[in-house]
Amino acid sequence: MKNDNCIFCKIANGEIPSKTLYEDEDFRVILDLGPATKGHALILPKDHFANLYELPDETAAKVMQLAKKMATQMTEKLVCDGFNLVQNNGEVAGQTVFHFHLHLIPRYENDGQKIGWNPGSPSQDELEEIKNTIV
Ligand code: 5GP
Ligand code: ZN
């Protein structure tokens with residue numbers, strides 16, 4: 001399942017060249033053109049899924065196994081000090097390319113990047129209400 005209008009479909013399937021770190025029948029791992037840090041890479045499924053919600057369970061499981069393998073290799077080779085996995089769904093969450101991808105972001109002491117959020121301070125009652133909404 002490819003989408004003719006999707007740039008990540010074209011990259012994942014080799015129609016547009018990329019700096020490829022890994023490839024198998026299901027995935028291509030490429031260097032991000034706008035990296036947060038040295039080595040910032042993206043895991044792209046070769047099939048088109050717009051986001052996490054569309055990802056088949058089997059693909060989702062393989063993505064995390066591949067992320068572990070890549071993070072291990074990249075940490076060793078790049079000698080980074082830590083690692084972020086980031087995955088955005090929806091424009092409000094920062095998604096700009098609507099083909100599922102998992103960011104692999106090596107972190108270095110004093111790399112100047114900040115991947116995070118401003119922590120809130122909900123009461124126990126508020127947490128209980130949220131829990132009851134979700135489950
Ligand atoms: P998102 O914001 O959707 O989570 O992440 C999209 C990522 O794709 C960004 O980090 C951006 O730099 C990267 N990107 C966008 N277009 C291209 C491209 O054509 N090639 C590569 N290698 N990365 C891209
Ligand atoms: Zn696509």
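Modeller: The largest pocket holds about 370 Å³ of space; keep in mind that this is a predicted model. Its lining is made up of 19 residues, and Phe8, Ile30, Asp32, Leu33 and Leu42 are the ones that lie nearest the centre. Helix 1 and strand 2 are the elements that give two or more residues to that lining, with helix 1 supplying the largest share, 3 residues. Sorted by class, the lining has 10 nonpolar, 7 polar and 2 charged residues.

Now for what sits there: the space taken by ligand 1 is this very pocket. The elements giving two or more residues to the shell around ligand 1 are helix 1, which runs over 7–12, and strand 2, over 27–31. Helix 1 again has the largest share, 3 residues of the shell. There are 16 residues around the ligand, and Asp32, Asn88, Gly94, Thr96 and His103 come nearest. By class, this shell has 8 nonpolar, 7 polar and 1 charged residues.

An oxygen atom of ligand 1 lies 2.8 Å from a side-chain N or O atom of histidine 103. As for how covered ligand 1 ends up, it exposes 520 Å² when taken alone, and the protein buries 80% of that.

Methods:
Residues are numbered from 1 along each chain as its sequence is written. Chains are lettered from A and ligands numbered from 1 in the order in which they are written. This is a predicted model: local features need pLDDT of at least 70, side-chain atom pairs count only at pLDDT 80 or more; totals for chains, interfaces and linings use all residues. Side-chain values use heavy atoms; hydrogens and water are left out. A residue is near a molecule or strand if one of its heavy atoms lies within 4 Å of it. A polar contact is a pair of N or O atoms within 3.5 Å; within protein, one must be able to donate a hydrogen and the other to accept it, and residues adjacent in sequence count only if both atoms are side-chain atoms. Accessible areas come from the Shrake-Rupley method with a 1.4 Å probe; for residues, only the protein chains shown count as cover. On a 1 Å grid over the protein atoms alone, a cavity is a set of points where a 1.4 Å probe fits but cannot get out, and a pocket is an open set with protein on both sides within 12 Å along at least five of seven lines; lining residues have an atom within 4 Å of a point. A molecule sits in a cavity or pocket if more than half of its atoms lie within 2 Å of its grid points. Helices (H or I, at least four residues) and strands (E, at least two) are DSSP runs, numbered from the N terminus. Ala, Val, Leu, Ile, Met, Phe, Trp, Tyr, Cys and Pro count as nonpolar, Asp, Glu, Lys and Arg as charged, and the others, Gly among them, as polar. Grid points are joined across faces, edges and corners, and a volume is the space filled by probe spheres set on the points.
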